[in-house]
Amino acid sequence: MPIFQCTRCKRTNPPPKRCAACKKAWYCGAECQKRDWVCHIFDCNPTREINTADYLALAVERDLIPEHRQTCEDYGFFRPIQQNRDLLGVYVSLLHPNYMAVKPQVVHKWRKQGALAENIKKEFEKSPDRMKSPDYLWFLRHEDVFRSDPQVEERSFIRSGANDLVRRAWVFTGGSPTLSTEEMQRQVSALPPHKFQCHKFFAELLSGSHPSPEDDVLWVEFGFCTARDREDERNIARAYKWLMYQTTLDEFSDAYRSKTMIELFKKKGFNDLNPCIVDLADPCLVDILSNPGIRTVWYLRQYIETKIIHGRQNQKIKPSPIVAADFGFTNCLDARDHDLLFDLYKEFFALGSRANPIELCEAAQEERLFCVFYGGSLNAD
Ligand SMILES: [Zn+2]
Ligand SMILES: [Zn+2]
């Protein structure tokens, strides 16, 4: 017979009993079950809806800045990291069973009533030693934090906290924050491919970065390859980040798979709110985000950019066979020839908005590249 241990204290004696609601967790007694509820509520079948105060209580229990997006917004965790630590200290005083032990449901109600600051103050005032508490002193200096409207604050909280990118995307998209890392990784890698890619993309955006041309197909597939320069790439990342906050992972990954990302941007009101960050009518962006296949010219650009990053001398970086065939690298007699051709394409993409990669690709398919460079409309001079 298998030996069960208490989920909370890990003891096997007295023999633990199963949680009646989910039959998955085991507890040695009522005390452990009660103390574990802040964690177990996420994995059990609670009779009420889980709210952001529950995520806050979990953060208090673990002594970690919350990662759940809405919780950060609701409770003000969008500040520089040290301030987030101080803020967490106030919530620890408020919620932790060893201190004021206010229930998450009560904190939730206060916030819904817009009376969080007033009620936290009242709780502290019950304690005669409050002026000795650094958390209370911090609270008095930052009462506005508990009153401010998080919607208008800059959401810099995503740069703080843990650096586990996958977990951040996992929690961001509604996954259980208490799941073990192994189980989370197992579930993430079991996602269908298009959803897995979008999950990865979310993780990058949440960490404040975006795909780079090196070793990342997402750089092409999300249209970063159409950017004129690095600043333009950052603008595209900003646009996706905005969209990420307006959608679910399902909605986003469906648009990615069905090539309707531009429609999704429009549906969420992107152009009205962000008139000049990214032009959704840009023919290159439309080409990548809406047309069924991806033209080889974009992989050509990926090759060029990767080689620029690693240095032209780096012989390990080679174009894929299809790019090599389409754009004439297979016809190069030697390395010098190859370098000359590389420089030609490099100059072409450096033209920015004056270069037309779609036209270049069509020319390549019709085997008239020579005309394009030496007499056609794409000539740099
Ligand atoms: Zn126990
Ligand atoms: Zn349970």
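At what angle do the axes of helix α10 and helix α13 cross? Before you select anything: this is a predicted model, where local features need pLDDT of at least 70, side-chain atom pairs count only at pLDDT 80 or more, and totals for chains, interfaces and linings use all residues. Residues are numbered from 1 along each chain as its sequence is written, with chains lettered from A and ligands numbered from 1 in the order in which they are written.

**Stop one: the crossing.** Select 193–206 (α10) and 249–257 (α13): their axes cross at roughly 115° and come within 9 Å. Helices here are DSSP runs of H or I, at least four residues, numbered from the N terminus. Axes are lines fitted to C-alpha atoms over the stretch in contact, with angles from 0 to 180 degrees between N-to-C directions. Now show the contact residues (C-beta atoms, placed from the backbone, within 7 Å): His194, Lys195, Cys198, His199 and Phe202 from α10, facing Leu249, Phe252, Ser253, Tyr256 and Arg257 from α13.

**Stop two: α19.** Colour Phe342, Tyr345 and Phe348, which are buried (20 or more other C-beta atoms within 10 Å of their own; exposed is 12 or fewer). On the other side of α19, pick out Arg336, Leu340 and Asp343, all exposed.

**Last stop.** Just after α19, click Gly352: its phi is positive, about 65°.

Notes. Helix = DSSP H or I, 4+ residues; strand = E, 2+ residues; numbered from the N terminus. Contact = placed C-beta atoms within 7 Å.
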